[in-house]
Amino acid sequence: SNHLYHSAMRHFLKLIRAKNLLIILLTMVGVAYYLLTTNNYQKVDFHCFDYGLLIFSTMIIAAAGNVINDYFDVKADRINKPEKVIISKFMKPRWAILWHWTFNLIAFLIAIYLSVKYDTFLFVFVHLLSINLLWFYSVQLKKKLIVSNLIIALLTALVPLLAVGFFKTLNETNLPYSP
């Protein structure tokens, strides 16, 4: 049963593209490190927990996008890269949909929390945009070469921009002790 667990975990990590999620984590931590070490005034109200939530929600939206992308690719992948198929081979399709919805729901709830706490629409807007773009990408846009590449480029660029947006929001907030 231990081997079964490790096998299932390995397939799950492949499905959500753990390496790509690690890049998101390192990017957002890197942006925070840079801003905290180069801008003196921005140290005042940095909330490590809230920033951690932002990183987590960004990562699980990306994970959900990877899951739904594989879900819609199962037929093509069975032909083109059968060794890489996870959904239907190691996971039931309905579980993939459940993971997709669960990840997105958690991320969206975090976005609502952050947007309400910091009195901004930024987090809800970016999270909703990302969730929907990843869905449409998987369902339709992937077949359109230029549009699909632009969407993925936009979403990739949103990662450091969202990190910077967090600091910008914190420094424009009217909470006590804000610069």
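1. Buried residues are those under 20% relative accessible area, exposed residues those over 50%, and partly exposed residues those in between, using a 1.4 Å probe and protein chains only. The note concerns a predicted model, in which local features need pLDDT of at least 70 and side-chain atom pairs count only at pLDDT 80 or more, while totals for chains, interfaces and linings use all residues. Residues are numbered from 1 along each chain as its sequence is written, and side-chain values use heavy atoms, with hydrogens and water left out.

2. Helix α5 covers residues 122–139 and has 18 residues. Helices here are DSSP runs of H or I with at least four residues, and strands are runs of E with at least two, numbered from the N terminus. From first to last C-alpha, α5 reaches 26 Å, close to the 26 Å expected at 1.5 Å a residue; the expected span is 1.5 Å times one less than the number of residues. The buried residues of α5 are Phe123, Val124, Val126, His127, Ser130, Ile131, Leu133, Leu134, Tyr137 and Ser138. An α-helix has 3.6 residues a turn, so residues three or four places apart point the same way.

3. The structure holds 10 aromatic pairs. Rings of Phe, Tyr and Trp (its six-membered ring) pair if their centres lie within 6.5 Å; planes under 30 degrees apart count as stacked, over 60 as edge-to-face and the rest as tilted. The rings of Phe123 and Phe166 form a tilted pair, with centres 6.1 Å apart and planes at 55°. Phe123 belongs to α5 and Phe166 to helix α6 (residues 145–171), so this pair ties together parts that are 43 residues apart in sequence. Both Phe123 and Phe166 are buried. Phe166 also pairs with Phe167, edge-to-face, with ring centres 6.0 Å apart and planes at 85°; both of these residues are buried. Ring pairs link Tyr51, Tyr118, Phe123, Phe166 and Phe167 into a cluster.

4. How many salt bridges does a search of the whole structure find? The search finds 2, a salt bridge being a side-chain nitrogen of Lys or Arg within 4 Å of a carboxyl oxygen of Asp or Glu. One of them joins Asp70 and Arg17, whose closest N and O atoms are 2.8 Å apart. Asp70 lies in helix α3 (residues 48–80) and Arg17 in the loop between α1 (2–15) and α2 (18–38), so the pair ties together parts that are 53 residues apart in sequence. Asp70 is buried, at 12% relative accessible area, whereas Arg17 is partly exposed at 25%.

5. Asp50 forms a salt bridge with Lys117, again with closest N and O atoms 2.8 Å apart. This pair links distant parts of the chain, 67 residues apart: Asp50 is in helix α3 and Lys117 in helix α4 (residues 93–117). Asp50 is buried at 1% relative accessibility, and Lys117 is partly exposed at 34%.

6. Phe12 is located in helix α1 and is buried, with a relative accessible area of 16%. Leaving aside neighbours within four places in sequence, Phe12 is in contact with Met91, Trp99 and Phe103, where contact means heavy atoms within 4.5 Å. The C-alpha atoms of Phe12 and Val67 are separated by 9.3 Å, the two residues being 55 residues apart along the chain.
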